[in-house]
Amino acid sequence: MKIIILSDTHDLLRPEVLDLLPGCDCILHGGDVSSSKILDRLAQFAPVKVVRGNNDKEWAEHLPPYLDFEVGGLRVYMTHKKKDLPKDLSPYDLAIFGHSHQYSNTWMDHPEGKRTLLLNPGSCGPRRFHQPITLAMLTIAEDGWQVKRVEIPHTPKESVPKIDPGNIKRQIEIVMKETQKGNGVTFIAEKYGLDPVLVEQIARLYVTHPGVTADGIMTKMGI
């Protein structure tokens with residue numbers, strides 16, 4: 001049994017992702033889909049289970065904030081943010097979440113030898129700063145199951161913008177202030193001589209994470 005696990009597509013389905021979908025038995029999406037057309041496209045390949053992300057607004061009101069289900073003999077819990085996972089994960093073989101855009105794959109041990117795999121498939125949508133573009137592939141067979149990390153190569157135009165570590169916080173504060181005023185990426189980049197790619201990514205983080213601080217954006221950037 002082949003299952004594709006992805007998250008944070010943010011309205012983008014890359015051709016490399018679509019190439020992996022034929023022949024899969026199920027698709028699990030950890031939220032921040034951003035539009036129903038993404039789910040419609042995924043459903044052309046296999047049944048889709050999806051939870052609502054913090055950026056999934058009015059169109060996604062029917063999507064659940066979490067799912068508790070079985071697939072291929074595994075019990076799975078899925079939600080968008082790791083902090084929303086149940087405190088007791090011992091009933092589950094696999095706990096899936098997204099939000100951070102960073103791939104992670106760690107085991108949680110429980111009494112009596114039981115274990116739960118905590119999996120964040122990362123993001124295979126728009127590239128965020130230096131972070132890789134990833135998803136996960138779950139394979140279930142009679143003799144067991146395994147999860148494989150799949151990294152999608154990024155195009156040259158998605159290369160990492162140049163960042164001055166000594167001045168990045170000030171740049172973030174400028175972009176936040178100008179974005180709050182309603183100014184666009186091109187205007188901000190030209191006015192302050194900043195990298196447009198960097199400005200666009202800072203502005204997106206600011207808009208999609210209400211209340212985030214400059215330090216919070218730096219954390220999300222991995223700085």
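Okay, some housekeeping. The model is predicted, so local features need pLDDT of at least 70 and side-chain atom pairs count only at pLDDT 80 or more, while totals for chains, interfaces and linings use all residues. Residues are numbered from 1 along each chain as its sequence is written, and side-chain values use heavy atoms, with hydrogens and water left out.

Let's start with the sheet. Helices (H or I, at least four residues) and strands (E, at least two) are DSSP runs, numbered from the N terminus. Two strands pair when DSSP finds at least two bridges between them. Here we have five strands in an open sheet, ordered β4-β5-β6-β8-β7, with mixed pairing. At the edges are β4 and β7 (104-109), each with a single partner strand, so one side of each lacks a neighbour in the sheet. On average, neighbouring strands are turned by 20° against each other, direction ignored; the axes behind that are lines fitted to C-alpha atoms, for helices over the stretch in contact, with angles running from 0 to 180 degrees between N-to-C directions.

Now look at β5. On one side, β4 and β5 pair in the antiparallel sense over six bridges, and Asp68 stands opposite Tyr77. Their hairpin has two residues between the strands, and Gly72 there takes a positive phi near 60°. With β6, the β5 pairing is parallel, over three bridges, and Val76 is opposite Leu94. How many of the six residues of β5 are buried? Five of them, so to speak "mostly covered", where buried means under 20% relative accessible area, exposed over 50%, and partly exposed in between (1.4 Å probe, protein chains only).

That brings me to the rings. Rings of Phe, Tyr and Trp (its six-membered ring) pair if their centres lie within 6.5 Å; planes under 30 degrees apart are stacked, over 60 edge-to-face, and the rest tilted. By this rule we get three aromatic pairs. In one of them, Tyr66 and Tyr77 have ring centres 5.5 Å apart and planes at 5°, so they are stacked. Tyr66 belongs to β4 (residues 66-71) and Tyr77 to β5 (residues 74-79), so this pair ties together parts 11 residues apart in sequence. Tyr66 is partly exposed at 45% relative accessible area, whereas Tyr77 is buried at 8%.

Then there's Tyr77 with Tyr92: centres 5.4 Å apart, planes at 70°, so edge-to-face. Tyr92 is in the loop between β5 and β6 (94-96), 15 residues from Tyr77, and both of these tyrosines are buried. Put together, Tyr66, Tyr77 and Tyr92 form one aromatic cluster.

Charges over rings next: NZ of Lys or CZ of Arg must be within 6 Å of the ring centre and within 35 degrees of the ring normal. Lys49 lies over the face of Phe69, 5.0 Å from the ring centre, and the charged end of Arg149 sits over Tyr103, at 5.4 Å.

Last stop, helix α3 (residues 168-180). The expected span is 1.5 Å times one less than the number of residues. For these 13 residues that gives 18 Å, which agrees with the 18 Å between the end C-alpha atoms. Its buried residues include Ile168, Ile172, Val175 and Thr179. The buried set packs against α4 (185-192), α5 (196-208) and α6 (214-221), contact being heavy atoms within 4.5 Å. Just after α3, Gly182 takes a positive phi of about 95°.
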